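Here is a brief report on one protein model.

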Amino acid sequence: MIHLKKACTEDLEKEWLFVKDMPEDENGLTNAWYNVSRQDFEEKALPEMIAFSEGKGLPEGYVPETFFFLWDDDTIIGQFRIRHYLCESLRTGAGHIGQFIAKPFRGKGYGTEGLRLTLEEARSIVPEEEIYLRVLRNNPASLRIMLKNGGRVVAEDEEHYYVRIANPGKGRYPDRAEAEKLLAEAEQCNPGPWGNHSRTAAHCAEKIALYAGLCPEKAYILGLLHDIGRRFGVRHLGHVSDGYTYMMSLDYPDAARICLTHSFNEMKFEGYIGKIDTSEEETTLIRSKLAEIIPDDYDRLIQLCDAISGAEGVMDIVDRMSDVKRRYGIYNQGKWDRNLELKAYFEGRMQRDLYDAVEKDSYRPV
Ligand SMILES: [Fe+2]
């Protein structure tokens, strides 16, 4: 069966044999590990591939990149790479995806199937509405593979065609300017410190994302909108369902999801701190969505940012949890511990101190 699998240590032997024979540069896809020794593959190449997928150890200007191998049963056929989001050089250059099929397997449909599977993976990684690809003009086989997967040529120059493929899984949140407008309007409906709390959360999310290998733009926007349900008045749990319903009504499901998940860092309804002031219908909605959603790094990121963001700026996580405990008279121990776990998780991803990363001492929301 044809399947795609991330580079991993359990497949080391076969991955090594494949990578060492991949050309150094073929049709624009470079292989830094051509002819690599078994030892260097194990000690350097594979750890680097795995680290790059987590945004660790990236050279200056690189974005995180996940390496996949295309397998047919237990034989590696090709390698596919997903660059997690666009920077300026990728936007005008190589785009999101790199693909390579080993010579003996070309012309057999593996490329088309491999790209289809890679696009499936990209749905949950790439935040942009379209997947960007580039192909050399003298490589019609690769161009055909892209077109068979729904690609359209949007530009060309002397050397390349530039292809885009719709990314139906993503881009499902407003852009930055629209998000800022939505927050400003919502504050007029229900003024309060929650507006600047949201700006602080957005700032923290953007900074952490930058160092942790997530998309900073998406993180900022989701942080800005996580409490948007407060637009509809002073409610406790109600702001969660209000936010979810509001964002869904504007067709922004990724933002809607954050309105819901940010309040439940254990993904359990019982973990909510505050008054359960929702109608039966709203409660059912929250419970059913919580059961359905498998939290991703953006859910975890905004949960953490919510726990360190005050209206005046960034707070110490323990000070903020203690403040909530004082106001509500209770702070569930599981939620408390989970917040500390999230802090440790992102510090590990960033390889730096959380408060340094978010400029705790100097940042003030405007
Ligand atoms: Fe919040």
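Gln351 sits in the loop that links α14 and α15 (354-357). Helices here are DSSP runs (H or I, at least four residues), strands likewise (E, at least two), and both are numbered from the N terminus. The model is predicted: local features need pLDDT of at least 70, side-chain atom pairs count only at pLDDT 80 or more, and totals for chains, interfaces and linings use all residues. Residues are numbered from 1 along each chain as its sequence is written, and side-chain values use heavy atoms, with hydrogens and water left out.

Gln351 is not a glycine, yet its phi is positive, at about 60°. Its relative accessibility is 61%, so Gln351 counts as exposed. The cut-offs are under 20% relative accessible area for buried and over 50% for exposed, with partly exposed in between (1.4 Å probe, protein chains only). Asp251 also has a positive phi, of about 65°, and is not a glycine. Asp251 is found in the loop between α9 and α10. With a relative accessible area of 59%, Asp251 is exposed.

## Helix α10 and its cover

Among the buried residues are Pro253, Asp254, Ile258, Cys259 and Leu260. The cover over the buried residues of α10 includes α8 (216-225), α9 (238-249), α11 (280-292) and α12 (297-306).

Glu347 belongs to helix α14 (residues 333-350). Glu347 counts as buried because its relative accessibility is 19%. Leaving aside neighbours within four places in sequence, Glu347 is in contact (heavy atoms within 4.5 Å) with Arg352, Asp353 and Leu354.

Glu121 lies in helix α4 (residues 110-123). Its relative accessibility is 29%, so Glu121 counts as partly exposed. Not counting residues up to four places away in sequence, Glu121 touches Leu4, Phe68 and Ile82. Lys44 is 77 residues from Glu121 along the chain, and their C-alpha atoms are separated by 25 Å.

## Strand β5 and its partners

Strand β5 (residues 75-83) is mostly covered, with 8 of its 9 residues buried. Strand β4 (residues 65-72) pairs with β5 in the antiparallel sense over 8 bridges. Pairing requires at least two DSSP bridges between two strands. Asp72 has Thr75 in β5 as its bridge partner. The hairpin of β4 and β5 has 2 residues between the strands, and Asp73 there takes a positive phi near 50°.

β5 also runs antiparallel to strand β6 (residues 97-101), joined by 5 bridges. Here Arg81 stands opposite Gly98 in β6.

## The domain interface

The protein chain is assigned domain 1 (2-127) and domain 2 (176-357). These bounds come from an automatic or database domain assignment. The C-alpha centres of domain 1 and domain 2 lie 34 Å apart. In contact are 7 residues of domain 1 and 10 residues of domain 2.

How much area is buried between domain 1 and domain 2? The figure is about 570 Å², with carbon and sulfur atoms giving 62%. In domain 1, Lys56, Tyr85 and Pro127 lose the most area to domain 2, together 64% of what that side buries. Buried area is the accessible area (1.4 Å probe) that two parts lose on being put together, summed over both. Across this interface the rule finds 0 salt bridges. A salt bridge needs a side-chain nitrogen of Lys or Arg within 4 Å of a carboxyl oxygen of Asp or Glu.
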